[in-house]
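Please describe the architecture of this model, from its domains down to single backbone features. Cover the ligand shells as well.

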Amino acid sequence: MQTEYQEMWRDLGLDLEAHAMLLDSLGAGYREVFSSQANRPRETAYLDFVMSEVHGLRIKELLEAKKAGRKVIGAFCVFVPEEIVLAADAILVGLCTGADFGLELVESTLPRTTCALIKSAFGFKLSRVCPYLEAADMVVGENTCDGKKKSYEILGGLVDNLYVMDLPQQKSALGRQLLAGEYRRFLTAVEKLSGVEITAGRLRRGIEIVNRKRRALERLSRLRAADPAPISGLDALLINQVAFYDDPERFTAAIEKLGDELEERIQKKISPFPAGTPRILVSGCPMAVPNWKLPRLVEQAGAVIVGEESCVGERGWRNLTGNDGETVEELLAAIVDRYYKIDCAIFTPNPEREEHIIELADRLQVNGIIHYSLQFCQPYTIESRPLKSRLSRLSGFREKGISLLNIETDYSMEDSGQLQTRIEAFIEMIDRR
Ligand code: SF4
Ligand code: SF4
């Protein structure tokens, strides 16, 4: 890939040397973490292909689409409605926030005490290594946590077309009204950018494409409830990560095919893990590509991750958007209804998230929960405390001996040894029960 796409990357303004370093480390990390797994479903070949071409063929496709007049919109958050973007025949891509890059540059721009996810977004921009960011005609930032909203004030000076979406902090009538107003404003901005008028028919088609993607992910989630689990948590996380990059219809077709294979594996009891392997739910901050540190440690320690209560996971795709509206306004209201249910920790209070974790733990028959917060992420770190104490008081959890391990970490490997010890001890404790 390195030589084939050099010209394309140069034209995008990437720093070719830094980018080559990034690709080398991404490729090596992928081989070490994914290719080394035993007994993967054969349809994971799709994931191998997407990852091998994540900065190559996919970028070429985006640039060809741009030449044909379509627009590319980059986003950092699951609050950006893909339905609206697709309705304007534009393409939505998730922007890289899962690895440290150019930390020195980043820490001269942002405080050191900023979460790794935000630092990563800046690192990719300041080091000029993200072709998605450079190919985007519009970058959408959202006023979620304080770190993000304040850092967008700086990012606005670094990217050509930053669009900031305001978001409510409370689930109230006023909050819903704010979201509705912001989605209306976003729709108008996307129409202006793309030159396409969003009609009810176009919006309904966008809703159908995204709903089908969500159904495929929901089926995957249900299939992981089997014991033994038919797929590793690492591969399932990667599927959720790839959902942000690949063409939605191609992605859905591939995951539907994988779903068929997983059904077969469940019947034949084929799994990367023996039956009775401790089952873990990971809950908390999103894990973007190539953040595979925690799941790898968990599965290496002899457990299987069967669910992610995360925006790169259940929180990102659960709940479909209603598509029976007749007008743009009715369909837009259905979009607001769907996104308003996202239980991100930026909301206060946020009881829906606790309820969802309890429901997931039951449905996926988990033996333990690992709460994952990025260091300096106040919303998720603060929510982890009351969550732990609530779960420890639940009789159903006490009877089954389900407990919660709190992990706070970043993207560096410095704490891997210490994390490994804590995770192994947690899994040993589950195993003894
Ligand atoms: S955790 Fe919150 S801010 Fe982050 S992607 Fe999810 S919804 Fe957006
Ligand atoms: S991980 Fe936390 S601090 Fe970082 S962007 Fe997300 S909500 Fe904000």
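## Domains and their contact

The C-alpha centres of domain 1 and domain 2 lie 23 Å apart. The model is predicted: local features need pLDDT of at least 70, side-chain atom pairs count only at pLDDT 80 or more, and totals for chains, interfaces and linings use all residues. Residues are numbered from 1 along each chain as its sequence is written, while chains are lettered from A and ligands numbered from 1 in the order in which they are written.

The domain assignment gives domain 1 (6–204) and domain 2 (227–319 + 345–432). Such bounds come from an automatic or database domain assignment. In the contact between them, 36 residues of domain 1 meet 41 residues of domain 2. Here contact requires C-beta atoms, placed from the backbone, within 7 Å.

On the domain 1 side, helix 2 (16–35), helix 3 (45–52), strand 2 (91–94) and helix 7 (116–126) each supply at least two residues. Helix 2 gives the largest share, 4 residues. Helices (H or I, at least four residues) and strands (E, at least two) are DSSP runs, numbered from the N terminus. By class, this side of domain 1 has 17 nonpolar, 13 polar and 6 charged residues. Ala, Val, Leu, Ile, Met, Phe, Trp, Tyr, Cys and Pro count as nonpolar, Asp, Glu, Lys and Arg as charged, and the others, Gly among them, as polar.

One open sheet has 4 strands in the order 2-1-3-4, with parallel pairing. Strands pair if DSSP finds at least two bridges between them. Strand 2 and strand 4 (162–166) are the edge strands, each pairing on one side only. Neighbouring strands of this sheet are turned by 30° against each other on average, direction ignored. Axes are lines fitted to C-alpha atoms, for helices over the stretch in contact, and angles run from 0 to 180 degrees between N-to-C directions. Strand 1 (residues 72–75) and strand 3 (residues 138–143) run parallel, joined by 3 bridges. Within strand 3, Val 140 stands opposite Ala 75. Helix 9 (residues 146–155) packs on the sheet and touches strand 3 and strand 4; its direction makes about 150° with that of strand 3.

Another open sheet has 4 strands in the order 6-5-7-8, again with parallel pairing. Strand 6 (304–309) and strand 8 (403–409) are at the edges with a single partner strand each, so one side of each has no neighbour in the sheet. Strand 5 (residues 279–284) and strand 7 (residues 368–374) pair in the parallel sense over 5 bridges. Ile 280 has Gly 368 in strand 7 as its bridge partner. Helix 20 (residues 416–432) packs on this sheet, touching strand 7 and strand 8, and its direction makes about 170° with that of strand 8.

## A helix pair

Helix 12 (residues 233–242) packs with helix 14 (residues 293–300) at an angle of about 160°, the axes being 9 Å apart. Helix 12 is therefore roughly antiparallel to helix 14; the cut-off for that term is over 145 degrees. Gly 233, Leu 234 and Leu 237 in helix 12 meet Pro 295, Arg 296 and Glu 299 in helix 14. These contact residues divide into 3 nonpolar, 1 polar and 2 charged.

## Ligand shells

A residue belongs to a shell if its C-beta atom, placed from the backbone, lies within 6 Å of the ligand.

| Ligand | Nonpolar | Polar | Charged |
|---|---|---|---|
| Ligand 1 | 8 residues | 1 residue | no residues |
| Ligand 2 | 9 residues | 2 residues | 1 residue |

The shell of ligand 1 includes Cys 77, Phe 79, Cys 311 and Cys 344. It draws at least three residues from each of domain 1 and domain 2. Around ligand 2 are, among others, Cys 115, Cys 145, Lys 148, Cys 285 and Cys 377. Helix 7, helix 9 and helix 18 (378–393) each give two or more residues to the ligand 2 shell. That shell too takes at least three residues from each of domain 1 and domain 2.

## Backbone details

Most residues other than glycine have a negative phi, and most peptide bonds are trans. The bond from Asp 227 to Pro 228 is cis, with omega near 5°. Pro 228 lies in the loop between helix 11 (200–223) and helix 12. The bond from Thr 348 to Pro 349 is also cis, with omega near -10°. Pro 349 sits in the loop between helix 16 (328–340) and helix 17 (351–363). Asn 39 has a positive phi, near 55°, and lies in the loop between helix 2 and helix 3.

Conventions
Angles under 35 degrees count as roughly parallel, over 145 as roughly antiparallel, 65 to 115 as roughly perpendicular and the rest as oblique. Two residues are in contact if their C-beta atoms, placed from the backbone, lie within 7 Å.
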